[in-house]
Amino acid sequence: TTAAADYCYSSTIANGDKLYQGYLPTAYQWELTWQNMDIVIDAISKKYPDLNVNKTTFSGSKWTSTQALASNSFYFNTAVYNSNGNKNNSYLAIPFYACLSDSPSLLSLPDEQDESLAQAA
């Protein structure tokens, strides 16, 4: 099973009229987040002041979705570490939430993409 990924995927937050579904971040996403943790904490504190979030809230080892082998995953503390094959360790599973863009993407424009592919053929 993928308990950490399932937990994160089942987590949702509402922001205005939009509902965001969580996901288990990669090792690289944790590295980027940790570099900007003060900004992340400030944003969470503004949205959820009752949580009293600080850097200690995020201390400890956290699972990532980055896999090395079937029995080996990476975790993050203040840097990326290999879990040495112990996926049964008790680490934090903290869901990340993607922010939706108002910009159209190629994926949201299937008719134009199909037209371009037909012209290229």
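Strands β3 (residues 62–69) and β4 (residues 72–76) run antiparallel and are joined by four bridges. Two strands count as paired if DSSP finds at least two bridges between them. Helices (H or I, at least four residues) and strands (E, at least two) are DSSP runs, numbered from the N terminus. Two residues make the hairpin that joins β3 to β4. Within this pairing, Q67 has S73 of β4 as its bridge partner.

This is a predicted model, in which local features need pLDDT of at least 70 and side-chain atom pairs count only at pLDDT 80 or more, while totals for chains, interfaces and linings use all residues. Residues are numbered from 1 along each chain as its sequence is written, and side-chain values use heavy atoms, with hydrogens and water left out.

## The whole chain

The chain has four helices and six strands. Along the sequence, the pattern reads α-β-β-α-α-β-β-β-β-α. Of its 121 residues, 22% count as buried. Buried means under 20% relative accessible area, exposed means over 50%, and partly exposed lies in between (1.4 Å probe, protein chains only).

Contact means heavy atoms within 4.5 Å. Among contacts with a separation of 6 or more, 48% link residues 24 or more positions apart.

## Two nonpolar cores

A nonpolar core is a set of buried Ala, Val, Leu, Ile, Met, Phe, Trp, Tyr and Cys residues joined through side-chain atoms within 4.5 Å. The largest has nine residues: W30, W34, M37, I41, V53, F58, F76, I94 and F96. Helices α2 (27–35) and α3 (37–47) each supply at least two residues of this core. A second, separate core has five residues, including C8, L24, W63 and Y75. In soluble globular proteins, nonpolar side chains tend to be buried together.

M37 belongs to the largest core. Beyond its neighbours within four places in sequence, M37 is in contact with W30, K55 and F58.

## L92 in its loop

L92 sits in the loop between β5 (80–82) and β6 (96–97). L92 is partly exposed, with a relative accessible area of 35%. Not counting residues up to four places away in sequence, L92 touches T57, S59, S61, K62 and W63. L92 and Y75 are 17 residues apart in sequence; from C-alpha to C-alpha they are 9.2 Å apart in space.

## Two pockets

Pockets are found on a 1 Å grid over the protein atoms alone: a pocket is an open set of points where a 1.4 Å probe fits, with protein on both sides within 12 Å along at least five of seven lines, and lining residues have an atom within 4 Å of a point. Grid points are joined across faces, edges and corners, and a volume is the space filled by probe spheres set on the points. The largest pocket has a volume of about 850 Å³. It is lined by 25 residues, of which I13, V40, I44, P95 and Y97 lie nearest its centre. β1 (12–15), α2, α3 and β6 each give two or more residues to this lining. The largest share, six residues, comes from α3. The lining divides into 21 nonpolar, three polar and one charged. Here Ala, Val, Leu, Ile, Met, Phe, Trp, Tyr, Cys and Pro count as nonpolar, Asp, Glu, Lys and Arg as charged, and the others, Gly among them, as polar.

The second largest pocket has a volume of about 240 Å³. Twelve residues line it, and T2, A3, A4, Q67 and K87 lie nearest its centre. β3 gives the most to this lining, with four residues. The lining of the second largest pocket holds five nonpolar residues, six polar and one charged.
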